[in-house]
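Here is a short walk through one structure. Begin with the terms, then follow the strands and the ligand site.

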Amino acid sequence: MVRFVPTVCPYCGAGCGLLLVARDNRVIGTRPWQRHPVNEGKLCIKGWNAHEFIHHSERLTAPLIKDGQSFREASWEEALKLVASRFGEIKEQHGPGSVAILSSAKCTNEENYVIQKFARAVVGTNNIDHCARLCHAPTVAGLVASLGSGAMTNPIGDLEQSDCILVIGSDTTSQHPLVAREIIKAKERGAKLILADPRAIQLSKQADIFLQLKPGTEIALLNGIMKVILERGLEDKEFIARRTEGIEDLTNTVKDYPLEQVEQITGVKAKDIEEAALTYGQAERAAIVYAMGITQHTTGTANVMSTANLALLTGNLGRTGTGVNPLRGQNNVQGACDLGALPDVLPGYRSVTDDAIRAEVAGLWGVASLPSEAGLTVVEMLDAAAEGKIKAMYIIGENPMLSDPDTSHVKKGLENLEFLVVQDIFPTETAQLAGVVLPSACWAEKEGTYTNTERRVQLSRKAVEPPGEAVSDWEIICRLAKAMGFADLFPYTSAEEIFEELRKVTPQYAGMTYERLNQPEGLVWPCPTEDHPGTPILHVDQCSRGKGKFQAVGHEAPAEEPDEEYPLILTTGRVASQWHGGSMTRRSPTLNNEFPRSYIEINPQDAKKLGVVNGDLVTVVSRRGEIETDALVTDRIELGVVFMPFHFVEGAANLLTNPALDPISKIPEFKVAAVRVSKAS
Ligand SMILES: Nc1nc2c(c(=O)[nH]1)N[C@H]1C(S)=C(S)[C@@H](COP(=O)(O)OP(=O)(O)OC[C@H]3O[C@@H](n4cnc5c(=O)[nH]c(N)nc54)[C@H](O)[C@@H]3O)O[C@H]1N2
Ligand SMILES: Nc1nc2c(c(=O)[nH]1)N[C@H]1C(S)=C(S)[C@@H](COP(=O)(O)OP(=O)(O)OC[C@H]3O[C@@H](n4cnc5c(=O)[nH]c(N)nc54)[C@H](O)[C@@H]3O)O[C@H]1N2
Ligand code: SF4
Ligand SMILES: [Mo]
């Protein structure tokens, strides 16, 4: 008999409602959920084909133990005994700070909660982080400083009500297609679209104003826009007086950004900047949408604050159709952050350095104390591994060998570990380096909740049994905790039981229950009590921090600029049908066939200078490494800039990228590296 099982799409943070079509123990297709508030009966190409990797023959089906150069299958008992004893020994010898854990934005809220609890209560370390560090860490830092909450301020559906949408550093149609749908609906209603991107991406065709800026020049652009708004008196004086602080700093700072100078820094014509300022400044309801083009810079946090400055200056906050809308990437990166898979905060963004909060959580968990020092972030963990300070790592649902910057350095770090455990659904490039590999159930094979980019918490149901011996991530952690002598702390027999505990320590989720979540809309946090309806729009009467704070920031050049030896700027990103290191999409025939190979976009004038024509094999070299890939000669990309997706292990962009970090959020500068390109010999 065919069943339709309600789940949440396992790819992007739009969080579309997906019905899995299951027959017996197989998922044979997907259907969009008609009554779902985000996708309303639609899906993108990834959603339609999400089932294709579930039953792939390369799924991990049994625990694996490294034996010489290869792996052998082992029982759960043997594998977990080994992991427990090695973690135990290393902790004993070198202290809890010598162990680091990567949690997963692919896992459920319940799983992330259990993983961070394991790190803190069993290992005794705050060395826990996940891919949000490579993604929206600047959003969490920047928007908290400006507004008091690091999350998207408005619902996705609100965008349709905007009169002007500024999309900056987001390839929305490819990366968040069901969010792009709302932008296009707004356009159809007559809204103006301003796009700021170094590439003429698909949205540039719809854009009324296209600002093709040089990578890493967002602050100069936004300061220029704000200077015009102030000069023309388009700021919202009443909003500024009543709801903000620090306007003097901003006014002083933007004075230094005359449009001629902004044009020089950004490469965008002064008249276009002026037109953008007038369009945004005059709109009744203006929204900002941004993603990795803003965050993945050494100035990532300052870039984010700059977007918040623009919204505060024009009073575009706390109303339908306005706001600052960072599009979260992975299906559950919002939830992984909410539930404390971060080195400095417990669930609910409560600081690990706050004695009272630690005591409260320790009391609830029934442990004597919790570690009080903030832990290491993703890139810092791998640096510490290379230096021999981190001795053991437990990597759950992440693939740093393809996703983290400067792959040679990542490899050195991972190979230098005394012990590496990888828990995944596929044998990834990272798993190849592990001592033990543990097989997980994928989203279709387990129950749990996921939180999408608009803070919507949604319940996803189990459609089929996992393959072989694979079990859900939370269950693996519970078994491991038991093997380490901490069974009491992890007594759970279902995801719902975990949810009942997590809502006690996560104020934003306190009013949610599985019963309440059992509806297409889910519930949007903050939802403090069981009779609270949830909070789709943040900062309505006042900002979460009270007054919105202008954080005046100035332009700073990226860590690496082009020079004679490396004359081109490399920026990296994605294509619509592939996902990160490709562990899932490259095993999904329909998706992989859409875009099976690595490539580099080169402007025709640059290509001519290099003697390269479309389709040539080229060598790309940076200070970190060298790769070969196909040239795609296109005027989509601006002069002096080249673009590569990072999905492909053959021609892996991260061999080239710069691991330089934003000092505040510790995100690496994936969007700017200096490279040279030549025809491969
Ligand atoms: N198909 C697909 N969808 C995805 C993902 C995927 O791997 N594949 N990943 C998901 C995840 S985790 C994330 S975080 C999101 C990412 O979603 P996006 O951020 O939209 O994706 P990117 O391709 O990284 O880059 C976004 C845009 O930034 C532009 N850009 C590059 N450099 C700069 C710069 O210096 N300044 C500015 N202003 N723009 C710049 C690029 O040209 C691109 O158009 O997508 C999610 N959705
Ligand atoms: N050059 C460059 N590099 C980048 C970026 C960029 O723009 N440019 N973007 C960065 C960004 S924004 C991000 S978010 C990161 C993403 O970096 P990662 O998170 O490392 O990327 P994924 O390939 O999505 O890794 C998810 C892993 O989880 C596994 N998985 C799926 N479901 C489950 C499950 O239920 N349980 C378990 N245990 N495993 C599961 C998948 O097989 C896969 O191996 O990449 C970053 N790297
Ligand atoms: S937009 Fe995102 S969540 Fe929706 S179907 Fe596509 S990948 Fe899935
Ligand atoms: Mo991301």
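Strands (E, at least two residues) and helices (H or I, at least four residues) are DSSP runs, numbered from the N terminus. Two strands pair if DSSP finds at least two bridges between them. This is a predicted model: local features need pLDDT of at least 70, side-chain atom pairs count only at pLDDT 80 or more, and totals for chains, interfaces and linings use all residues. Residues are numbered from 1 along each chain as its sequence is written, chains are lettered from A and ligands numbered from 1 in the order written, and side-chain values use heavy atoms, without hydrogens and water.

Start at β26, residues 626-633. Strand β25, residues 617-621, pairs with β26 in the antiparallel sense over five bridges. A hairpin of four residues joins the two. Val621 has Glu626 of β26 as its bridge partner. Strand β24, residues 599-602, pairs with β26 in the parallel sense over four bridges. Here Ile600 is bridged to Ala631.

Now turn to ligand 2. Its shell holds 34 residues, counted when a heavy atom lies within 4 Å. Among the closest are Asn399, Asp424 and Asn654. Domain 2 (64-134 + 331-518) and domain 4 (568-679) both give residues to this shell, so ligand 2 lies between them; the bounds come from an automatic or database domain assignment.

Which side chain has an N or O atom 2.8 Å from a nitrogen atom of ligand 2? That side chain belongs to Asp473. A backbone N or O atom of Gly397 lies 3.2 Å from an oxygen atom of the ligand. The protein buries 99% of the 920 Å² that ligand 2 exposes when taken alone, by the Shrake-Rupley method with a 1.4 Å probe.

Terms used: A polar contact is a pair of N or O atoms within 3.5 Å; within protein, one must be able to donate a hydrogen and the other to accept it, and residues adjacent in sequence count only if both atoms are side-chain atoms.
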